[in-house]
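Hello,

Here is the structure we spoke about. My notes on it follow below.

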Amino acid sequence: MHVLAIGEPLVEFTARSDAPSTFDRRLGGDTLNTAIYLARLMGPGAVGYLTGLGDDAMSRWLIAAAEAEEVGMAPVVLRPGGRPGLSFISTDAAGERSFLYWREHAPFRSLFCDAAQAPLAALEQAGTLFLSAITLAVLHEDGRARLMGALARRRKAGARIVFDTNYRPALWPDAKTAGRVIARAAGIATLVLPSMDDMAGCFGTAAPAEAMALLMRLTEAEIVLTTGGAAVLRRAAGETEVQAHALPPAVAARDTTGAGDSFNAAYLAARLAGLAPQPAILAAARLAAVVVQHPGAIIPRHAMPGDLPGLRVAS
């Protein structure tokens, strides 16, 4: 595989607009969302997913549904008696979503706690590793430390480490703790994918220029900062110059779930395909604009845009 995503998958229940008391079952979880869009853009065999799940019917459904999207689930570690996390999502009139979670006992939380470190062997199978701050937030502290150490070793060996700063306050004891972990992960990464919401929520930055300045102090990696529909700011790895990339006009959102996850997937797929930053950013913005016009994080395959600059959606 080319890319291995690491994280906690969720079984997502999304309220139907035509029947608010009825929920549709879908795949969810930020890193799994990104893995699915990556697989659609990169083709069969390109993307794998490392996580922990149980031996229950819901875990089996989740694995089968992800495999149907051509995400390789062979790295999954199964724990007898485990149960996957659940999320229930509702959206308001502006398409902004609210979540309820049941994830405290999900097997992924203890995935890297085993001193034998068997799951870490899967990290050697891909040249690009993708994770998010949610990945790190839900892990137990010792497992988080083992994963971070393994990522640092893979980076030293030449792997690409892609880190999404996805900050969810409810998953952390406080912003200071989150900021310390996010800063360390950003320092390991070769590509950091932050948003202004993340930077404002965790670090208190009030403007894109302030957020970028902070990120540049934290990491030498390539940085692609999204700003909620305004220009995307990018700093090439190791450089000091920041470039602003204008985006097409914003579209009306039906449901913003998965917007950032799909942006990350299209940008990463485009860059791995050899595209320059500007067309990669336009491709990412185009996919995200389509995603927010559909309910849930994962849009139907037939709804994938066919006009992504420099990319071809896998059939």
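Contact here means heavy atoms within 4.5 Å, and buried means under 20% relative accessible area, exposed over 50%, partly exposed in between (1.4 Å probe, protein chains only). Helices (H or I, at least four residues) and strands (E, at least two) are DSSP runs, numbered from the N terminus. This is a predicted model, in which local features need pLDDT of at least 70 and side-chain atom pairs count only at pLDDT 80 or more, while totals for chains, interfaces and linings use all residues. Residues are numbered from 1 along each chain as its sequence is written, and side-chain values use heavy atoms, with hydrogens and water left out.

Helix H2 (residues 57–68) has Ser 59, Leu 62, Ile 63, Ala 65 and Ala 66 buried. Down the axis of H2 these fall within an arc of 165 degrees (taken from the directions from the helix axis to the C-beta atoms), so they line one face of the helix. The cover over that buried side includes strands S2 (10–16), S3 (19–28), S5 (52–53) and S6 (77–78) and helix H1 (30–42). Ala 57, Arg 60 and Ala 68 are exposed on the face turned away. After H2 comes Glu 70, with a positive phi near 65 degrees.

Strand S1 (residues 3–6) is covered on both faces: Val 3 and Ala 5 are buried on one side, Leu 4 and Ile 6 on the other. Strands pair if DSSP finds at least two bridges between them. S1 pairs in the parallel sense with S4 (residues 47–50) over 4 bridges and with S9 (residues 128–132) over 3 bridges. Leu 4 stands opposite Gly 48 in S4, and Ala 5 opposite Phe 130 in S9.

Regards
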